[in-house]
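Please keep the sequence and the 3D view at hand while reading.

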Amino acid sequence: MTSTDVVDFATDVIQSSERDLAADLPDWEIEGSPQHKTELRFQGADGNLIAGTWTSTPGKWRAFGGKDEFCQIVSGHCRLIDDNGVAKDFKAGDSFMIPNGFSGYWEVIETTTKQFVILNHD
């Protein structure tokens, strides 16, 4: 696959990784013991633009910053909670944008799979 090939999210995977949030990033975890699986499907030439598929088991953790992220929920139920306590729930078929500067939490209520596009600012 070259950087100009159309990326098929059903079949194209350039890297796959799994993370035990409690073990790998204990300072980020708040509740549960979420397991994350990420399949990277696209990475721009400078590495700052990425796209892929992500799955998480239930749990709650501090949201990562330094990026703009577009998400479309494929399955499951999750919630984003900002630092003021405002919560927004998302289920299969929902799409949303998390802007750089968002401060709050991810909470996965039931195992969730999303497709994402991220522009990193770090």
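A residue counts as buried when its relative accessible area is under 20%, as exposed when that value is over 50%, and as partly exposed in between. The model shown here is predicted.

**His 77 and its surroundings**

His 77 has a relative accessible area of 11%, which is under 20%, so His 77 is buried. His 77 belongs to strand S6, which covers residues 67-82. The side chains of His 77 and Asp 89 are joined by a polar contact of 2.6 Å. Setting aside residues up to four places away in sequence, His 77 touches Asp 89, Phe 90 and Lys 91, and also Val 108, Ile 109, Glu 110, Thr 111 and Thr 112. Lys 91, one of these, stands opposite His 77 in S7.

Which strands pair with S6?

Gln 72 stands opposite Gln 115 in S9, and Glu 69 has Ile 98 in S8 as its bridge partner. S6 and S7 form a hairpin with 4 residues between the strands, where Gly 85 takes a positive phi near 90°.

**Phe 64**

Phe 64 lies in the loop between strand S5 (59-62) and S6. The relative accessibility of Phe 64 is 27%, so this residue counts as partly exposed. Apart from neighbours within four places in sequence, Phe 64 is in contact with Arg 19, Leu 21, Leu 25 and Trp 28. Phe 64 and Phe 102 are 38 residues apart in sequence, and their C-alpha atoms are 8.6 Å apart in space.

The largest pocket holds about 530 Å³ of space. It is lined by 22 residues, and Arg 19, Thr 38, Trp 54, Lys 67 and Ile 118 are the closest to its centre. At least two lining residues come from each of strand S1 (15-20), strand S3 (35-43), strand S4 (49-56), S6 and S9. By class, the lining of the largest pocket comprises 8 nonpolar, 8 polar and 6 charged residues.

The second largest pocket has about 150 Å³ of space. S6, S7 and S8 each give at least two residues to its lining. Among the lining residues are Leu 80, Ile 81, Phe 90, Phe 96, Ile 98 and Phe 102. By class, this lining has 9 nonpolar, no polar and 2 charged residues.

**The cavity**

How many cavities of 30 Å³ or more does the structure hold? There is 1 cavity of that size. The largest cavity contains about 90 Å³ of space. Phe 64 and Phe 102 both line the largest cavity, together with Ala 63, Gly 65, Lys 67, Glu 69, Ile 98, Pro 99, Asn 100, Gly 101 and Trp 106.

Methods: Residues numbered from 1 in each chain as written. Predicted model: local features only at pLDDT ≥ 70, side-chain atom pairs only at ≥ 80, totals over all residues. Heavy atoms only, no water. Buried < 20%, exposed > 50% of the residue type's maximum accessible area, 1.4 Å probe, protein only. Polar contact = N/O pair within 3.5 Å; in protein donor to acceptor, adjacent residues only side chain to side chain. Contact = heavy atoms within 4.5 Å. Pairing = 2+ DSSP bridges. 1 Å grid on protein atoms, 1.4 Å probe; cavity = no way out; pocket = protein on both sides within 12 Å on 5 of 7 lines; lining within 4 Å. Points joined across faces, edges and corners; volume = space filled by probe spheres on them. Nonpolar A, V, L, I, M, F, W, Y, C, P; charged D, E, K, R; others polar.
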